[in-house]
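Please look through the sequence and the model shown here before reading the report that follows.

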Amino acid sequence: MVLLNDLRSPAGSWTVAGQPGGGAFDPQGPVSEAMAGLWWLMFWLGLAVFVVVAAVLAVGLFRRRRGGEPPPDRQGSFGRWFVVAGVVGPLVILLVVFGATVRAMRFVPTSAPPEALVVEVVGHQFWWEVRYPAHGITLRDELHLPVGRPVNLQLRSADVIHSFWVPELAGKIDMLPDHPNTLVLEAGRPGKYTSRCAEFCGLEHTRMVLTVVAEPEDRFAAWLADRRG
Ligand SMILES: [Cu+2]
């Protein structure tokens, strides 16, 4: 669908690095899957409400044109319509969305489990510094992740406010100069994604691109060992 293609990752279907990116509609981990599921639920519910309202409006316009005011004995049904369509309907829909939101929140952790890999990401005008403190590794514009293990990202900025966003893996979070933010995410399968700074941070903001590589645990361990020399 053309519409969905347009709504894909901020880089579109083709990125600077030449890698395809499916964006938030192509979730690749438990956190982004929960968020995409919630989005689609709200989309379909919203579409259903729109169709029903449009149909009732069309019927109302058509009847008004043919028959004028409704007969007095039919006016009582408007009260029932008001209660069902204006109170009960929205209440049921909001309760469904509330329940689904609470359920989705269980997949979006606010604190990392102890086995999580700690990675520090520092935003600079206009590049990404990625550090693995337990392994003594520092990378530029590149983030490697193991598949199937939670990653505890410690995000901050060295200058102005930046924003970290890998649409295929998790939601968006600000990178602030005076306060570290934590984002816990997990890649469900191997892949290569592109993250672009999601907060306008200066003239070269659009060049601030981070390549994210998710690898199976054994290949990730080999990469770590190779990097450490
Ligand atoms: Cu930035």
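## The copper site

Along the chain, the donors of the copper ion follow the spacing H-x34-C-x3-C-x6-M, where donors are N, O and S atoms within 2.8 Å of the metal (3.2 Å for Na, K and Ca), and sites may look incomplete because water is not among the atoms. His 162 (ND1), Cys 197 (SG), Cys 201 (SG) and Met 208 (SD) coordinate the copper ion at 2.1 to 2.6 Å. The arrangement is tetrahedral because the 4 donor atoms subtend angles of 91 to 123°, and four donors count as tetrahedral if all angles lie between 85 and 135 degrees.

His 162 and Cys 201 are both buried, a term that stands for under 20% relative accessible area, with exposed over 50% and partly exposed in between (1.4 Å probe, protein chains only).

## Basis of the model

This is a predicted model, in which local features need pLDDT of at least 70 and side-chain atom pairs count only at pLDDT 80 or more, while totals for chains, interfaces and linings use all residues. Residues are numbered from 1 along each chain as its sequence is written, and side-chain values use heavy atoms, leaving out hydrogens and water.

## Aromatic pairs

The whole structure holds 10 aromatic pairs, which are rings of Phe, Tyr and Trp (its six-membered ring) with centres within 6.5 Å, counted as stacked with planes under 30 degrees apart, edge-to-face over 60 and tilted for the rest. Trp 39 and Trp 40 are edge-to-face, because their ring centres lie 5.0 Å apart and their planes stand at 90°. Trp 39 is partly exposed at 37% relative accessibility, and Trp 40 is also partly exposed, at 26%.

Note on methods: Tetrahedral: all angles 85-135°; square planar, octahedral: opposite > 155°, others 65-115°.
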